[in-house]
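Thanks for making the time this morning. I would like to take you through one model, slowly, and I will keep to what can be read from its atoms.

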Amino acid sequence: MRPLFAVFLTALALMVSACSGVPDSGPVQSVDLAAPDAQEEVIPYNPGAPRAGASPGEIVDGFLDAMKATPMSTAYARRYLTKDAAMNWAPAGRTLVYGELGSHVGSSPRVSVELEDAGWLDERGVWRGGLAASQAILDFELTRAEGEWRISSAPNALVVEEDWFLTHFARSNLYYVEPTGHTLVPEPIFAPKGNSYATTLVSSLLSGPGEEVQGVIRSALPAAADEPRSVDVRDGVAEVDLAGDLGDHDAEELQLMGAQLAWTLRQDASVERIRLTIDGEPVVLPGYGETFNVDSGGGYDPNGNTARVDLYALRGGALVTSTGENGDPWVPVLGGWAKSHGVTDVAVDADGSTAAAITADRTGVVVGQLTSDGELSRAPVKGTRLLRPSWDLAGRLWLVDKDSTGARVMYVDGDRRVRVAVPGVTGENVTRFLVSRDGTRFVAVIDGESSDRIVVSRLQASSKGEITTATSAVLLPHPDSATMRVTDIAWTSPTTIVAVQQISSTALFQSVSLDGAPSGERYTLSDRVTGVVGSPVASARLYAISGWTLLDPLDRFDLGLPSDLSDVTYQG
């Protein structure tokens with residue numbers, strides 16, 4: 001197997017050659033990690049050769065600067081190494097990303113440099129979190145070669161500063177499959193921008209899910225195809241040639257294979273269609289043909305194949321809906337929900353067919369279909385203090401109940417109630433939670449003594465969709481982690497949420513990526529905000545709830561609300 005960065009940096013080895021202020025009002029955005037054009041051109045930068053008579057510290061500084069060559073190449077950095085070190089240096093294993101470089105430590109011929117605010121990526125491009133203090137100190141050994149200092153031993157890593165990294169690497173997704181095979185699941189990575197973008201996406205996709213997500217996601221791609229023989233993009237067609245064979249893949253698995261490739265490669269703006277071959281022989285996927293469009297596989301959409309962005313709310317206890325645009329009125333839904341039922345915290349499933357709400361005393365759940373003959377019933381739940389519920393695409397209604405022992409996580413599937421132990425969440429003081437539509441991510445806000453914490457766990461399911469276990473919750477970094485008090489959270493994509501804090505008369509919005517990678521999106525509103533309404537669907541507006549108004553903090557679109565309206569939410 002040759003992982004993403006190994007493939008990319010091997011090719012590089014053969015080659016010879018932002019900040020914004022915060023105004024008193026209005027939206028504020030800093031760096032956006034999204035990469036709408038991963039092939040965009042950047043200003044060339046050719047680092048200079050080592051200066052004659054340079055000190056060991058200057059050589060180390062030059063080596064680190066040379067890793068910022070544009071177009072990306074390791075050839076410039078190797079000039080700062082001895083011949084033997086240049087041959088043996090292997091930066092493909094990991095990428096270190098730092099905020100600032102600390103001062104040099106040590107004395108000639110050994111130099112140590114501390115990386116501040118540093119994290120790292122593995123060979124697949126997956127963000128692996130922050131570096132421990134001991135790992136953030138890089139040691140360099142130097143020796144004299146022909147009278148000049150050169151590095152004889154360097155860490156095997158690509159070491160780059162965050163601003164450069166965010167400019168030259170595209171935040172991307174690899175698409176795998178949840179255990180039942182009904183829905184694709186995006187897994188975030190960072191991939192180097194440029195002409196090899198499609199190749200690196202396919203290479204990383206073929207490396208498969210990591211061990212840490214076993215039981216959460218799987219791949220329908222042939223197990224023997226651990227790397228592409230080639231990925232050649234010409235005239236909008238990506239020719240993907242894999243090694244191995246299809247084995248005993250049935251029609252459903254072949255369709256999933258096509259969907260994985262289509263959703264992953266549609267991120268490359270130069271790719272319009274895909275032609276798949278194995279050992280040079282064309283593969284005709286059922287329902288796709290010999291070549292297929294990158295927009296194929298819509299039925300496996302992580303947001304649901306009928307994803308809409310309609311708003312719902314309670315008005316006098318009855319359920320109403322609106323498109324949220326052009327002052328459209330709030331109209332009652334069909335069936336039993338058109339009447340008041342003494343409920344709060346309503347949630348509507350992704351296809352807008354069923355709703356659930358918590359009873360006013362927060363001990364029960366009312367469920368019913370949104371049809372003219374839809375009747376309401378009580379879910380098989382008796383709680384103490386139930387939080388706002390969440391639906392996934394499998395029709396599971398997720399609930400968190402809190403009593404004197406802390407939070408209990410469960411879901412209702414038909415007439416069954418299933419408890420799920422979520423390490424790091426169960427038993428904690430949970431104030432908010434979300435479940436991804438694909439049913440693989442559980443996000444929670446946990447109230448602490450001095451600050452709140454946002455954590456994410458992965459939900460593990462059987463091939464029949466039974467979820468009984470979860471991975472240990474991982475703390476998601478936040479720039480205000482020491483003092484953060486979260487007002488609310490909401491989805492902004494299948495892999496990102498927004499967290500809102502109220503600081504005096506200002507609401508602060510912070511984008512949080514569920515892989516823990518740094519996110520530059522941060523903006524404010526000079527309003528008192530009591531909640532946030534968001535959706536993973538890209539076309540959905542993000543709304544802040546302020547009094548009787550929905551405010552879009554990004555586009556400054558305001559939607560007035562009737563005074564008897566509450567619990568505004570998107571479907572899903």
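I will begin with the chain as a whole and then turn to its aromatic rings and one of its helices.

Please keep in mind throughout that this is a predicted model. The secondary structure of the chain comes to seven helices and 40 strands, and its C-alpha trace spans about 85 × 60 × 45 Å along the principal axes. For 572 residues a compact globule would have a radius of gyration near 25 Å, and the chain, at 26 Å, agrees with that. Buried residues account for 55% of the 572, while the chain exposes about 23900 Å², of which carbon and sulfur atoms supply 48%. As for charge, there are 45 positive and 74 negative side chains, and the centres of these two sets lie 4 Å apart.

Now to the rings, where the count comes to 12 aromatic pairs.

A second tilted pair is that of W398 and Y411, with 4.9 Å from centre to centre and 45° between the planes. W398 lies in strand β24 and Y411 in strand β25, so the pair ties together parts that are 13 residues apart in sequence. W398 is buried, with a relative accessible area of 0%, and Y411 likewise counts as buried at 0%.

Which charged end sits over the ring of Y411? It is that of R396, 5.8 Å from the ring centre. Elsewhere, the charged end of R266 sits over the ring of W263, at 3.9 Å from its centre.

Finally, let me turn to helix α6, which covers residues 197–206. Nine of its 10 residues are buried, so the helix is largely enclosed by the rest of the structure. Among the buried residues are Y197, T200, L201, V202 and L206. After α6 comes G208, whose phi is positive, near 80°.

Note on methods. Residues are numbered from 1 along each chain as its sequence is written. This is a predicted model: local features need pLDDT of at least 70, side-chain atom pairs count only at pLDDT 80 or more; totals for chains, interfaces and linings use all residues. Side-chain values use heavy atoms; hydrogens and water are left out. Rings of Phe, Tyr and Trp (its six-membered ring) pair if their centres lie within 6.5 Å; planes under 30 degrees apart count as stacked, over 60 as edge-to-face and the rest as tilted. Helices (H or I, at least four residues) and strands (E, at least two) are DSSP runs, numbered from the N terminus. Buried means under 20% relative accessible area, exposed over 50%, partly exposed in between (1.4 Å probe, protein chains only). A charge sits over a ring if NZ of Lys or CZ of Arg is within 6 Å of the ring centre and within 35 degrees of the ring normal. The radius of gyration is taken over C-alpha atoms; the globule rule is 2.2 Å times the number of residues to the power 0.38. Accessible areas come from the Shrake-Rupley method with a 1.4 Å probe; for residues, only the protein chains shown count as cover. Lys and Arg count as positive and Asp and Glu as negative; His and the chain ends are not counted. The place of a charge is taken as NZ of Lys, CZ of Arg, CG of Asp or CD of Glu.
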